[in-house]
Amino acid sequence: MSYSINPILGSAIFLCFLVVILVVYIINKLQLINILKKSIERLNKTVRELDYQAKLIIKGDMELKLYQEEVEDKLNKLTLLKNLIISSLHILDKENLFSQIDDKTINDLGFKKGLILTMEGEIKLSVGFKPKEVDTLKDFVKYKKNFIQAIPLISAETEAGSELITALQTKDFLIAPIKAREKIYAVFVLANLVMPTDVRRAEKEIFSIICMYLGQCLDNIQLFEEIYNAKDELERKVKERTNELVKSLREIEAISRAKSDFISNVSHELRTPLTSVKGFSSLLVAEKFGKLPEEAKKRLETIDENVDKLVNMVNTLLDIARIESGKTEVKIAPADIAKLIRDTGEFLSPQMQAKSIKLVLDTPETLLVYMDKNLIDQVFINLIGNAVKFTPEGGQIKLSVKTGGNQAVVTIADTGYGIEKENLEKIFQEFFRVDNSINVKAKGTGLGLSLVKRIIEIHKEKIWVESEMGKGSTFCFTLKLAKEKNI
Ligand code: ADP
């Protein structure tokens, strides 16, 4: 038995088989297309993201550039400020200060036009403004003083500034006051920016700083002017007073000369009759004209003593007057002070012995100084005489001379009663005698130290005294050392 397949069935089965394969293939391809689609979508997203990032980078780059430009601009403005400070630091007058601001400064500040106007309407700087614009600004300064005082910076955005937009035909302007000691001295106006931008914070800030700095400079200038004027005034007053003093001094000198001449004349006139009175009183006391009753002799002795005192006084007055009027011939030459001290000590030793006063000498063998020997001898007689007079019995007087630098310091020290502190200066005045019980007994005229002081002064030297009550007094005076002996 044989089986045979129907050919038509066979073809149908084959066809079915082909269709199945085709369907499987198509499904497969569709899946592939789907996957590809998704990949393309992802790719698209990535591309969009990349595009966004690129845009961000470009934006950042542009911003950085702008920022860099701004920093550079600020640096330029700071340099401008620094240069202005350096150039105006030592300026001491207003005109010079404003001459530091010119068209370059205005340009560096970022503007084309600039104007500095004082409150009195004086123009200190004008760059680029037309006369009509200047007039408008003058009126603005005149009538809007209160606004300018109150607002540190006026711009187109401020109420006061908005009315200037039409007149100046721009919104790019800044107005600030220049104040000295809180008072507006001038107004600074900037207009028309160089760059086509709006007025930025940087421009406003630097402009404010410059206006403040100019105000500070004006403050300093005013202070300097005040000090300078005060100095001038002071100098004028000092000159005036000096002239007055010189005049007074001349008058005093004239009066003093007249006084000295008067004393000198009177003393001179008194001397002759006094000499005669003294002669007769001495003779009378010595009973050369016959024996006198006891009472009369006593009185005559008093007269004789007083005549002595008077002669002494007249002679000293004459000496003082002569020195003061320059009539005394002064011969200052090198002489041995050590010898002079010893000689005067010896000369006055009888008076010391009478009071049992010990004399101590502390001098070198020789010591040459510049002096008028006769006058310095007079100084010693007066100073040692006083030491003897004001030292009680059994005391000590020490005469010494020491050297220091180009000077000799002569010291006369006693162990006497001493002088009160308040009288130390006064004892050199004419006729001054300390009012105490000692002076009631001690004879004197109060002229000795006055003469001593004048003698030391004509030597252009100094004299002073130190004293302690109950312990003694020390008188010192200086003389210049001499190198060569010329006596
Ligand atoms: P006088 O001795 O004639 O009074 P001076 O001018 O010499 O005048 O002295 C003035 C006064 O200074 C004296 O009266 C005396 O009071 C005081 N004085 C001067 N020298 C001494 C001394 N060594 N010790 C104390 N007092 C003195």
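Two strands are said to pair if DSSP finds at least two bridges between them. With that idea in hand, the predicted model can be explored piece by piece.

Together β1 and β2 make a hairpin with four residues between them, and Gly121 in the turn has a positive phi of about 90°. Because seven of the eight residues of β1 are buried, this strand is largely enclosed by the rest of the structure.

Five strands form an open sheet in the order β7-β9-β10-β12-β11, with mixed pairing. The edges are taken by β7 (358-362) and β11 (463-468); each has a single partner strand, so one side of each is left without a neighbour in the sheet. On average, neighbouring strands of this sheet are turned by 15° against each other, direction ignored. Within the sheet, β9 (residues 396-404) and β10 (residues 407-414) pair in the antiparallel sense over eight bridges, and Leu399 has Ile412 in β10 as its bridge partner. Helix α10, made of residues 337-354, lies across β7, β9, β10 and β12 and runs at about 175° to β9.

Helices deserve a visit too. Helix α9 covers residues 294-324, 31 residues in total, and reaches 45 Å from its first C-alpha to its last, close to the 45 Å expected at 1.5 Å a residue. Its buried residues include Leu300, Val307, Val314, Leu317 and Ile320. The buried residues of this helix pack against α8 (201-285) and α13 (448-458). In general, an α-helix has 3.6 residues a turn, so residues three or four places apart point the same way. Thr316 counts as buried because its relative accessible area is 11%, below the cut-off of 20%. Leaving aside neighbours within four places in sequence, Thr316 is in contact with Leu447 and Leu451. After the helix comes Gly326, whose phi is positive, near 75°.

Another residue to look up is Ala482, found in the segment after β12 (472-480). Ala482 is buried, with a relative accessible area of 11%. Not counting residues up to four places away in sequence, Ala482 touches Pro334, Leu368, Val369 and Tyr370. The C-alpha atoms of Ala482 and Val134 are separated by 83 Å, and these two residues lie 348 residues apart along the chain.

The protein is divided into domain 1 (23-89), domain 2 (94-199), domain 3 (227-328) and domain 4 (330-480). Taken over C-alpha atoms, the centres of domain 2 and domain 3 are separated by 82 Å.

Key
Residues numbered from 1 in each chain as written. Predicted model: local features only at pLDDT ≥ 70, side-chain atom pairs only at ≥ 80, totals over all residues. Heavy atoms only, no water. Helix = DSSP H or I, 4+ residues; strand = E, 2+ residues; numbered from the N terminus. Expected span 1.5 Å × (residues − 1). Buried < 20%, exposed > 50% of the residue type's maximum accessible area, 1.4 Å probe, protein only. Contact = heavy atoms within 4.5 Å. Axes fitted to C-alpha atoms, helices over the stretch in contact; angles between N-to-C directions. Domains from an automatic or database assignment.
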